[in-house]
Each structure stands twice: as C-alpha cells, then as structure tokens.
Amino acid sequence: MPVESSSSSAARQAKQKRKSHSLSIRRTNSTEQERRELMETQDSKLPLSMRSNLLDLFSQIEREFENLYIENIELRREIETLNDRLTADGQTIEGSDLAKGALKTKASHSTSQLSQKLKTTYKASTSKIVSSFKATTSRAVCQLLREFVGHRDGIWDVSITKTQPVVMGTASADHTAMLWSIETGKSLLKYLGHQGSVNSIKFHPTEQLAVTASGDQTAHIWRFMVQLPTPQPVTDTTQTSCEEDVECSDKDEVDVEGEGPNECPCVRVPTTTLRSHQGVVIAADWLVGGRQVVTASWDRAANLYDVETSELVHSLTGHDQELTHCCTHPTQRLVVTASRDTTFRLWDFRDPSIHSVNVFQGHTDTVTSAVFTVGDNVVSGSDDRTVKVWDLKNMRSPMATIRTDSAVNRISVSVSQKIIALPHDNRQVRLFDMSGVRLARLPRTNRQGHRRMVCCSAWCEDSAPCNLFTCGFDRQAIGWNINIPALLQDK
C-alpha cells in the first residue's frame, strides 16, 4: 500500500481548509440575509434606509476582517510546511534545535509582519467607511450671510471680480447679468445687451470689464463702473453646522420674484461683440493677461478671440458633442474645455508655434465643468455623479475620485484653502479637500439654502465676509461664510 507523501498531505489539508473557508463565507452571507430580515421585523427609531446603510457598512468591515483571518491561516500553514520540511531533512539534535530557533525567529517575524499588516489593512479599508463618523467637536461651521434676490429666472453662473471694488456677478436665464454688493446684498448694475439666456459671466483680471456668454450665439464684453453702498449689519448671523439637512418640499418654496432689487443703473450696449459660433455660447473666460477670450459653444467648438480687434484667432475643434464649459489657467496660457462627449480637453498655447491638445477620459457621462487649481491640477465634475482630481503630468488616471449621490454642476476650487465646492442637482452643496475627503455639507432647511438645482459655486479669496457663493434655479444667489477647522483640512 503506497505511503502518502508529506506534500500531498499538505495539499489535501489546504484544499479542505479552503473548502471550509468557502462554507464559512456562504454562512456569513446567509447570516447577513437573516440579519437583514430580522432588522425589518425589529422596532427601531432609526429610518429603515439608515439602518440598512449601517448594516452594509458593518458587513464590509466584517468581510475585511474575514479576509485577514484567512490570510492569517495561510501564513500559519506556511510555517507548518517549513517545519515539516526541516523535520524531513533529518538534522541532528543540535542542528534541529538551531533550526527550531531559526524557525521560531522567522515565525515571530512573520507574526510581527502579520500584526502590522492587520493594522495597515484595517486602517486603509475602513478609512472611507468611518470618515463620516467625525468628532462633533471639530465640525465645519457654515453661516448664511446674504441672499441676493432680483433675477426673474434661474441663475446659471456666479463670479467674483478680481479688482477693487470686489463685487459679485450673476448670469441668468432672464436674459440679464447683474452685479451685486457683497456687503449689503443690493444690486449695483444690470446688463441688458443679450437677446437670450446669459449662461456665464467672468471678470477681467485687472480692469473693470466683464465677458458674458449667451444663448443668442454671441459673447459680449462690457465695461462697468459701480459705487458701493454703505455696508449694513448682517441680520441673520445664526451659525449652522454644515451637516444639518432638513428636507423641504416644493410647497415650501418662497416666491422670490415679488421682492425685486432697487432701481440700479443699466448697461445696454457692449464694447465688443464676439461672433463666430453657430450655436448657444455656454461659457467664456479670460486668458491670463486679459488680451484674449475663449468661448465654448454647443456647436462643438471653442473659439479664441483677440479682445482689442474682436477677431477670431483660433477655433478649437475635436469634441464629438456639445461643449458645456471652458476655463483658463490663472497664470499660464492653458485652456480646458468640457463636453457632453464624456471628455475634457487641455489646450496649450504657451508655445506660439505649437498648440498641443490632451484628452482626459475617465467620466461616463457629460462633463459639466473642469477648472484649474493653482498648481498643476485640474478638477472635473460630471453628470455621472463623480468629481475627479487630475495631474496635468499624468492624464491616464485621476489622483482622487469623489463619488456623490447626484449630478455635479459647475464646481470651484478655493485657492487659499484648497477646498472644492460641489453644487448638485439635488439642491445640495458639498465641500471636499483635494484628496477626496468630505469636509462639510452646506445646510439646507425650510428657511435657508437653495430650493432648486444648484448650478454654480464660486469662492471669494478677498477678506469679504462671504467667502463662498452659490446660485441656483430658485432665482437667487447665496453668500456663505465657511469656517473649516484646520483639523478637518489635515485629515
């Protein structure tokens, strides 16, 4: 009768253990199903969706520990195999003792490595799960300071001037653009030159000039002069935790049309009209230096214009579908365009003789916006409910991916705090750092916050009381004061 070798015996034991592990996993899955059924029958004050979410999170933790436990058993089996091999070598007693000592040292070292691996894997696998369970003593605080009411239709875009005096600009579907006092919330000037929806507004880096893009297939450059009114004390100084969220129905919406702005000066004629597009001009921005303007259109092209002559310098083609956004780098001659074809493109004009193009692929739906940061990063938002942070030197994969529960509209990045503000279709505004960690969610209750889709966000780097502005299709813009503790930003 043949004698079974030690290697075949070890293989049979390993197979039996793997079978027992698979049975254990099946039992775990059945246990989860029984636990879920038990959860539905038990009484609890928590909503069923919240209880289900908690159950899923703890199930993930359980699976991680189960995988680590299986790895632990595999390591132990390797130690036993090494021990069997040493025994089969027929070493002397002294050599055997020495081998046992070496094996003990190796086993101790393996155990130490396993302990460190357990800690590292646990921290890595559960960091995203427990990130929502933050300490209440260091939560971000958001304060609603101003509500800017006066437009008669939804507001598509909001922007802040880069020169003194610092004012806020809004672009609306009511065919107008308006300038506002940040300190008082009063309207300072109204632009009436467009014949269609005003889809975007951006300010010149050094002069009191604005460029607006419109559904009338044109972009207008117009000059403004404003006089700031006397600041008034803030009436609503209630500080609210950024995580507060009380649902409100459409019936709770307040009609903001009845209380319009005070009479303000109007500008009806632009200084320059940029024409070349064959479709809606959805966005426009100034290149560094302010001598050129780039526009993005639904005709699938972006155009680069000379401001002084209003002549078309370059037509940037290549997107397969309508463009949704364009943005310029604050210090370099770089342009990024976003499109419904799920991509965004980087156009490099730093070398006058060579205009290189890089295509960023990573989203699965319309890219609604793409913006530069101060460094070599681009942040893109999409209707696929994700936001991705990219390195300009590595286009193959994003540095960080933020997954949300709603489509993301025109995002903005704070230069000083390096915080990304995400406006959503579901009326929420969330704040993340550049590594993808959520910092806060702006409060939305029956009394404050947006009551319709939030279209755009813009940071104010000046020392104004409001450092974040949002606008939406509830026909209002809101000025917020965001206080993010350093503890949260370092996480």
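Begin by selecting Phe 148 and Phe 469: both are buried, that is, under 20% relative accessible area with a 1.4 Å probe and protein chains only, where over 50% would be exposed and values in between partly exposed. The model is predicted, with local features requiring pLDDT of at least 70 and side-chain atom pairs pLDDT 80 or more, whereas totals for chains, interfaces and linings use all residues. Residues are numbered from 1 along each chain as its sequence is written, and side-chain values use heavy atoms, without hydrogens and water.

**Aromatic pairs**

Rings of Phe, Tyr and Trp (its six-membered ring) pair if their centres lie within 6.5 Å; planes under 30 degrees apart are stacked, over 60 edge-to-face, and the rest tilted. By this rule there are nine aromatic pairs. Phe 148 and Phe 469 have ring centres 6.0 Å apart and planes at 55°, so this pair is tilted. Phe 148 lies in strand E1 (residues 141-149) and Phe 469 in strand E29 (residues 468-472), 321 residues apart; strands are DSSP runs of at least two residues, numbered from the N terminus.

Next, select Phe 344 and Phe 360, a stacked pair with 4.6 Å between centres and 10° between planes. Phe 344 is buried at a relative accessible area of 1%, and Phe 360 is likewise buried at 1%.

Move to strand E8 (residues 218-223), where five of the six residues are buried, so the strand is largely enclosed by the rest of the structure. Ala 210 faces Trp 222 in E8.

**The open sheet**

Now display E20-E21-E22-E23, an open sheet of four strands in that order with antiparallel pairing. Strands E20 (367-372) and E23 (400-403) are at the edges with a single partner strand each, so one side of each has no neighbour in the sheet. Strand E22 (residues 386-391) pairs with E23 over four bridges; there, Val 389 has Ala 400 as its bridge partner.

Key
Two strands pair if DSSP finds at least two bridges between them.
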